Amino acid sequence: DRQQIWKASIDTGDKLPLIIEDSSLSELDFDWPSLLPDGKNVMATVEYANGVNEGLIFVDFETGERVGLLNIGGYNAQYVQSGHILAVADAPVNEGNLIAIPFDLKSFTQTGSIISIAGDVSPALASASETGTLVYKSAISSNFFNSQPVGQLVRTAFPGSNRALPFPPAVYTSLDLSPDGSMLAVTVLDEQSTINQGSESDVLVFDLTTGGRIEVTTGKTGG
């Protein structure tokens with residue numbers, strides 16, 4: 001089957017293919033679609049066959065026309081108001097680094113040198129706000145729970161320095177930062193889980209302004 005990214009109507013539920021694999025370009029798969037601030041174009045990671053590095057593809061949301069391509073391997077790419085694309089690199093030189101790519105929304109081109117923000121970052125465990133605040137999980141490699149690395153949440157107001165957040169290290173399995181960068185929803189592995197019983201997760205919301213937390217669920221979300 002050909003790999004595709006779909007778009008769907010909120011009103012009717014009807015869906016149509018938005019990005020379709022082009023085998024003549026050795027395209028293999030697409031991941032991490034993200035709507036750009038203009039509301040008219042979508043960015044996604046494209047994976048190529050034969051071991052070629054990933055790239056970032058840009059597509060018109062209405063027509064599906066391909067309007068741009070960056071030959072830079074990057075996962076979970078997100079555009080921020082500073083004029084950068086933040087992504088976790090997959091290129092051999094910067095693999096696993098959280099990077100910022102200067103980018104022009106009108107021409108879909110890179111406008112400057114790539115900036116490295118942090119190393120050893122999982123693609124699924126980084127989330128950016130529209131204003132440029134970014135939170136990611138920094139792995140503590142010597143500390144594991146249920147064979148998964150415990151990590152500390154770190155915030156950076158790009159461009160700026162990194163600062164650990166005042167929340168305990170844990171096995172965070174997903175992060176989702178609010179558009180204004182003030183609230184962070186996380187899924188965290190419940191420490192009462194065991195390998196034999198299966199893993200259960202809690203959903204929490206952290207207030208990054210006050211340091212408060214809200215328990216949305218407690219051990220009910222599954223593994």
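Of the 223 residues of the protein, 44% count as buried, where buried means under 20% relative accessible area, exposed over 50%, and partly exposed in between (1.4 Å probe, protein chains only). The structure is a predicted model, in which local features need pLDDT of at least 70 and side-chain atom pairs count only at pLDDT 80 or more, while totals for chains, interfaces and linings use all residues. Residues are numbered from 1 along each chain as its sequence is written, and side-chain values use heavy atoms, with hydrogens and water left out.

The protein has zero helices and 19 strands; helices (H or I, at least four residues) and strands (E, at least two) are DSSP runs numbered from the N terminus.

Aromatic rings come next. Six aromatic pairs are present; rings of Phe, Tyr and Trp (its six-membered ring) pair if their centres lie within 6.5 Å, with planes under 30 degrees apart counted as stacked, over 60 as edge-to-face and the rest as tilted. One of these pairs, Y172 with F206, is edge-to-face, at 6.5 Å centre to centre and 80 degrees between the planes. Y172 lies in strand β16 (residues 172-177) and F206 in strand β18 (residues 201-207), so the pair ties together parts that are 34 residues apart in sequence. Y172 is buried at 3% relative accessible area, and F206 is buried at 1%. Ring pairs also link F58, Y79, F103 and F108 into a cluster.

Two salt bridges are found, each a side-chain nitrogen of Lys or Arg within 4 Å of a carboxyl oxygen of Asp or Glu. In one, the closest N and O atoms of R66 and E27 are 2.4 Å apart. R66 belongs to strand β6 (residues 66-70) and E27 to strand β3 (residues 27-35), so this bridge ties together parts 39 residues apart in sequence. R66 is partly exposed at 34% relative accessibility, whereas E27 is buried at 5%. R213 and E215 form a salt bridge at 3.1 Å, N to O.
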